[in-house]
Amino acid sequence: MLSIIEQIKQGKLWDFHGGIHPAENKALSSKQPIKAAGIPHELVLPLKQHIGSRGDIIVNIGDHVLKGQPLTQGDIAMCVPIHAPSSGTITAIEQRTTAHPSGLTDLCIVIATDNKDTWCYATQYPDYQDRDPAELIEAIRLAGIAGLGGAGFPTARKLQGGLGNVDILIINAAECEPYITADDRLMQDYADEVIEGVRILRHIIAPKLTLIGIEDNKPEAIKALEACVSEDDNIIIRVIPTKYPSGSSKQLVKLLTGREVPSQARSTSIGVIMQNIGTAFAIKRAIVNGEPLIERVVTLTGEAFKQRGNVFALLGTPIAYLLEKFGYQADKKYPRVIIGGSLMGFTLPHANVPITKITNCILTPKRKELPLHTYEMACIRCSACADVCPSSLLPQQLQWYAKDKDYGKCEEYNLSDCIECGACAYVCPSEIPLVQYYRQAKAEIWERKQDEMSAERARQRFEAKQQRMERDKADRENRFAKAATDRRQSMAASGGDDAVAAAIARVKAKQAAAATTPTIKPAVAAAIAKAKAKQAASTSEANAEPDNSEMAALRKQRKLQAREQKAAKHAELMQQQQADTDQPSAQNTDKKDAVAAAVARAKARKSAQQAPTAIDAEPVAAEPVTKVNTDAAVDPKKAAVAAAVARAKARKAAQQANKAQSNIEEE
């Protein structure tokens, strides 16, 4: 049985599942050679134009920079720098809208160009055949080269992963996306430089076989490449049938080698490494000419463009500048500017968005040229999306789970293997924007994984800190114990006592002496006894119960007098009312006189009964007072108060007796 390499050399091709044949519309922009887009008055350079982390800014606002001068730097493999596309002055480092489906902003360096286009010093490697591959890979990284096919994966990192692990090098020249002709024109106009870049890649990787996969709808490019390839290059140009998305990495590997890239893996895991045709051209410019990646070929197409074709556009060039320069006439009803092709591209929120390393096309279609689907209908379960999916997924199920935000199910159905080619949305009769659901779900899954990774890193840092603190504590204790042991040994060797131990013993003795009960001096004890006696005497006086019987008798007598006065007033009031109501008569007068006489007699009798008690009240009251004074002779103040109360009672009783006597005399 023939090996894979032998089968490839014999011209065998394989196929992949699904795929579609949309209208190509490539003739709009493939007829004219590549032009220079010119230098705009302002360049906007996002710090992150590739997969991976952004670099650290090494310039400041107000600095004058030269063409090709690095603006950022980074020491990690997944970080590539950006360079000044032209000479000028840095006017701002701020947030600007970038070329991304979200339409969000990112940190950018803004350069006001001076139109001099002055180059800085460049390092060239024309003798790359004599250079070590590691040195060339580092030069590629410093040149800021990332995959120009659209993914933006750092080229140096991919080459490092392929060293010694791959036996087949594939150059992707398929360019299957409708409308895009950037690679087609690059191969037609710069075929010699493209092949030289492939030779550099062969020198770095040293594969057993090198393939250039190109679709059969590019006959001029095929001829140009064949004219530049010699037998010593060991490069095979393999023409493949036109089918979308044959230009995708996994699908092209399956077409050319028959090998299938595993889920969530890269082609290097099966011994294959792939580079885009534009990346090979950029590698040649970086190694041989010493030019970093500061420009790329961009296709300007669509019926809204008056001048269509391909241009060398500086990175950071605002798309509004290209629209104005090449005669953009917006559709009156539905003006649209799309980055990318008709299937994988996305509409921009506005035209003030810069060209980046992964921008390969600007599409400006008219409404009739590319209909605008705005009405999403219900899925009819026709399975057309599953039939054309090149990754053999279930787009219908993925759309349901993505719409329901069930991201666990999305991962279970291998959403990460979706290449977002748009074939499913192209054939959907219900016009469901499937790719939009997939992109949103992927972004949410990625964000959640980043949060989980951050939490895990925080947990690891916390645990590491705790372990370090415990180690430091143990080290301190060991040092103290060792120091004490050494001190005791040195004291014993010198024949003396341990001074620290003696000091500790003295301190403990003092503490023990202070803890014992102190003796009380005689003067202090006498003062304490006097205070306690005084406190006991005051407590006994406060608890003694006073004799309040006389005061109770006086209060009772006053209440009786008040009731009698109230009864008399009531009788007088009744008599007055009777006198006002009826005419006085002799009979009534006699009755009135009789009532008055009866009341007077009652009062006289009551007074006579109370008079002896009131008169004798003084000696009676004096007897208990004398008793109280006798009992309380020890307290003169209390005896004086009791005597005063007795005298007041006697005076009041005498007054009441005199009043009763006068009442009797009046009667």
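Which residues form a nonpolar patch on the surface? Met551, Val641 and Val645 do, with about 230 Å² of accessible area together. Patches are built from residues with over 30% relative accessible area and no salt bridge, with nonpolar side chains joined within 5 Å; a salt bridge is a Lys or Arg side-chain nitrogen within 4 Å of an Asp or Glu carboxyl oxygen. Areas come from the Shrake-Rupley method with a 1.4 Å probe.

A quick word on what you're looking at: this is a predicted model, where local features need pLDDT of at least 70 and side-chain atom pairs count only at pLDDT 80 or more, while totals for chains, interfaces and linings use all residues. Residues are numbered from 1 along each chain as its sequence is written, and side-chain values use heavy atoms, leaving out hydrogens and water.

Buried here means under 20% relative accessible area.

| Helix | Buried residues |
|---|---|
| α2 (residues 133–142) | Leu136, Ile137, Ala139, Ile140, Arg141 |
| α3 (155–162) | Thr155, Ala156, Leu159, Gly162 |

Looking down the axis of α3, its buried residues fall within an arc of 125° (taken from the directions from the axis to the C-beta atoms), so they line one face of the helix. Those residues pack against α2, α5, β11 (272–276) and α8, with contact meaning heavy atoms within 4.5 Å. As for α2, the cover over its buried residues includes α3, α5 (191–205) and α8 (277–287).

Just after α2, Gly144 has a positive phi of about 75°. Gly164, which follows α3, has a positive phi near 75°.

How values were computed. Buried means under 20% relative accessible area, exposed over 50%, partly exposed in between (1.4 Å probe, protein chains only). Helices (H or I, at least four residues) and strands (E, at least two) are DSSP runs, numbered from the N terminus. Patches are made of residues with over 30% relative accessible area and no salt bridge: like charges are joined within 9 Å, nonpolar side chains (Val, Leu, Ile, Met, Phe, Trp, Tyr) within 5 Å.
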